[in-house]
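Visitor: Can you walk me through this one? I'd like to start with helix packing and then move to the core.

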Amino acid sequence: MNLFDLKGKVAVVTGGNGGIGLGMAQGIASLGARIVIAGRNKDKASVALKTLHDAGAEAVFVVADVTKKADCQALITETHRVYSRLDILVNNAGTSIRKMPQDFTEAEWHQVMDTNLTSAFLCGQAAYPAMVAAGGGKMINIGSMMSLFGAPYTTPYAASKGGIVQMTRALATAWAKDNIQVNAVLPGWIDTDLTRRAREHVPNLHDSVEKRTPHGRWGTPSDMAGIAAFLASSASDFVTGTAIPVDGGFSIGM
Ligand code: NDP
């Protein structure tokens, strides 16, 4: 029995063309799965594809704006056309707009909610029939420390990431009968384009994260590879509905 063998399996990773998504794609690919990375930026995607191919993975890029239901459906259709199956979906695409709550426009609220939460629901819905056809599947949704905590500049982001946890639980109960496990990962502070923007905006963010994190450092996208590999593989077949912090201890210290 090899609990960590994904040969023959196919994984879709939204936002897999950079940051945490690429780290997770690398973790899943290292177990032998074929990878579809999805996003909007083709230049970033060609660099990501090269990284995956250089490591010996089979991988393609599909252009998709996951805020659009039609793109979510087309992503799954294209995955089926290329690889004839789908076993693993990582709902990683995400964005943030940092403002005080009273300053958000309605459009900005929807932009964050649609990118971070509604997209995960729509991609999940689109992926469900293919996973049922495959005899089961793994869905990994990306939350945040903002699934647990609040902060003044993060209202729609925190709402979307709190929603990810509850949506994960609801989907896990609904789809267990189909042998689909649905789990959330809550990354701590990870060095990516997203947090580089936050560090420009928030004085001392870099140092305060280092100080509060028991491991004493920021995470890297490759720190996300192991949890993705675990939740994508049969090692986690009895794990569902969880929200697992991967944060160097950020959420358990003071
Ligand atoms: P990045 O900005 O590096 O990556 C975000 C990814 O999402 C990009 O690859 C982007 O691709 C994709 N994306 C954004 N909007 C869309 C869209 N509408 N359609 C398709 N793809 C989209 O950030 P991170 O890697 O840091 O973030 C990844 C996830 O991890 C997000 O959900 C984020 O909230 C979460 N997270 C990050 C943390 C961190 O510390 N970095 C901490 C906790 C959670 P493209 O531009 O090509 O569309």
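Visitor: At what angle do the axes of helix H1 and helix H2 cross?
Guide: This is a predicted model. In it, the axes of H1 (residues 19-29) and H2 (residues 42-54) cross at roughly 25° and come within 10 Å.

Visitor: Roughly parallel or roughly antiparallel, then?
Guide: Angles under 35 degrees count as roughly parallel, and H1 and H2 are therefore roughly parallel to each other.

Visitor: Is the crossing left-handed or right-handed?
Guide: The crossing of H1 and H2 is right-handed.

Visitor: Which residues make the contact?
Guide: H1 contributes Leu 22, Ala 25, Gln 26 and Ala 29, while Ala 48, Thr 51 and Leu 52 come from H2. By class, 5 of the contact residues are nonpolar, 2 are polar and none is charged.

Visitor: Moving on to the core. Which residues touch the most other members of the largest nonpolar core?
Guide: Leu 75, Leu 89, Met 139 and Val 182 do, in a core of 36 residues.

Visitor: Which helices and strands supply at least two residues each?
Guide: The strands are S1 (10-14), S2 (34-39) and S6 (180-187), and the helices are H3 (69-83), H4 (106-133) and H5 (155-175). H4 gives the most, with 9 residues.

Visitor: Back to Met 139. What is it in contact with, leaving aside neighbours within four places in sequence?
Guide: Met 139 is in contact with Leu 89, Asn 91, Gly 124, Met 131, Leu 171, Trp 175, Gln 181, Val 182 and Asn 183.

Visitor: And how many residues are in the second core?
Guide: That separate core has 31 residues, including Ile 28, Ala 29, Leu 49 and Leu 231. Ala 29 is also one of the H1 residues in the contact with H2.

Conventions:
Residues are numbered from 1 along each chain as its sequence is written. This is a predicted model: local features need pLDDT of at least 70, side-chain atom pairs count only at pLDDT 80 or more; totals for chains, interfaces and linings use all residues. Side-chain values use heavy atoms; hydrogens and water are left out. A nonpolar core is a set of buried Ala, Val, Leu, Ile, Met, Phe, Trp, Tyr and Cys residues joined through side-chain atoms within 4.5 Å. Buried means under 20% relative accessible area, exposed over 50%, partly exposed in between (1.4 Å probe, protein chains only). Helices (H or I, at least four residues) and strands (E, at least two) are DSSP runs, numbered from the N terminus. Contact means heavy atoms within 4.5 Å. Axes are lines fitted to C-alpha atoms, for helices over the stretch in contact, and angles run from 0 to 180 degrees between N-to-C directions. Angles under 35 degrees count as roughly parallel, over 145 as roughly antiparallel, 65 to 115 as roughly perpendicular and the rest as oblique. A crossing is left-handed if the near helix is turned anticlockwise from the far one by less than a right angle, and right-handed if clockwise. Ala, Val, Leu, Ile, Met, Phe, Trp, Tyr, Cys and Pro count as nonpolar, Asp, Glu, Lys and Arg as charged, and the others, Gly among them, as polar.
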